[in-house]
Amino acid sequence: MHLSNELLSRPGMEDLIRGKRVIELGCGLGLPGLVCGEWLGAESVLLTDRSLVVDICETNLSTLASPGVTAKTLEWDDIRDLEACWAIDVIIAADCIFQPLYGASFPLWDVIKRFNALARDAERPLPTILLSSERRPNDGVDAFLETAQAEGAEVKEWWRYEDFDGSGQHIYIFEITCS
Ligand SMILES: C[S@@+](CC[C@H](N)C(=O)[O-])C[C@H]1O[C@@H](n2cnc3c(N)ncnc32)[C@H](O)[C@@H]1O
C-alpha cells in the first residue's frame, strides 16, 4: 500500500514507469504492479510470486481487464525459468524481506542480479529497483542492502514512514541502482 501510494503521489513516477516493462516480485495481491499498469502507463507488468499466490492473482486479473498486466510463477530460489525474453526496466518488491518469517533474502537479491545480467547481455540499461519494507527487529533488510552495496549498487532511501498512523509500523522505501 505504501509503495503504491508513493508511486501515485511522488513527482516523476509517471516518467519512471510510462512505457516501461515492470516486474513485481513477491507480489501478493500485486497492488503496486496494478498501479503501474492501470494508472502510470507501464507498457507491461508481470506480477510474480509462488504458484499458489499467482493462481489468486490470475483470478483477480480475470475480473479486472488489465490487458498489459499478467501473472507468472517466479520462485526466487529456482530461477532456472527466468527467461531471457523477460526484458525488464523496473523491478518492484513490497514487503518481501523479513528473514525470520520469509527466510533468507539472498535468493531475492540473486533474482535481481539475474535480471541485471540479462540486461547486460542484451546491452540494455539495468533495471531500476524499488523496494519497500516494513522495518521489524532483525528483519534482514540492512544485511540485504549491505550485500547490494558491497556488490556495487547504490541505495537511496526515498521515504520512511515512522510509526505510520500511530500504528507502530515503520515503512521504508528504497531505490536501488546497479551499475
Ligand atoms: C509479506 S508478503 C508481501 C506481499 C505483497 N508484496 C504485499 O506487499 O502485500 C511476501 C511475499 O513474498 C512471497 N515470497 C516469499 N518467499 C518467496 C520466494 N522464495 N519466491 C517467491 N515469492 C516469495 C510470498 O509468497 C509473499 O507473497
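**Figure 1. Strands S2 and S3 pair in the parallel sense.** This is a predicted model; local features need pLDDT of at least 70, side-chain atom pairs count only at pLDDT 80 or more, and totals for chains, interfaces and linings use all residues. Residues are numbered from 1 along each chain as its sequence is written. S2 covers residues 44-49 and S3 residues 69-73, with 5 bridges between them. Two strands pair if DSSP finds at least two bridges between them. Leu47 has Ala71 in S3 as its bridge partner. Helices (H or I, at least four residues) and strands (E, at least two) are DSSP runs, numbered from the N terminus.

**Figure 2. The largest nonpolar core has 44 residues.** Such a core is a set of buried Ala, Val, Leu, Ile, Met, Phe, Trp, Tyr and Cys residues joined through C-beta atoms within 7 Å. Leu25, Cys36, Ile91, Ala93 and Leu108 have the most contacts inside the core. Helix H6 (residues 106-121) gives the most to this core, with 5 residues. Ile91 touches Ile23, Leu25, Ile112, Phe115, Pro127 and Ile129, not counting residues up to four places away in sequence. Contact means C-beta atoms, placed from the backbone, within 7 Å.

**Figure 3. Asp95 and Glu123 have positive phi values.** Most residues other than glycine have a negative phi. Phi of Asp95 is near 55 degrees. Asp95 is found in the loop between strand S4 (90-94) and H5. Asp95 counts as partly exposed because it has 16 C-beta neighbours inside 10 Å. Glu123 has a phi of about 55 degrees. Its loop runs between H6 and strand S5 (128-134). Glu123 has 6 C-beta neighbours inside 10 Å, so it counts as exposed. The cut-offs for other C-beta atoms within 10 Å are 20 or more for buried, 12 or fewer for exposed, and in between for partly exposed; C-beta atoms are placed from the backbone.

**Figure 4. Confidence is lowest in helix H5 and highest in strand S1 among the elements of the chain.** The score is pLDDT, the predictor's confidence in each residue, from 0 to 100. Helix H5 (residues 99-102) has a mean of 79. Strand S1 (residues 21-25) has a mean of 97. The chain averages 89, and 97% of the residues score at least 70.

Notes:
Contact = placed C-beta atoms within 7 Å.
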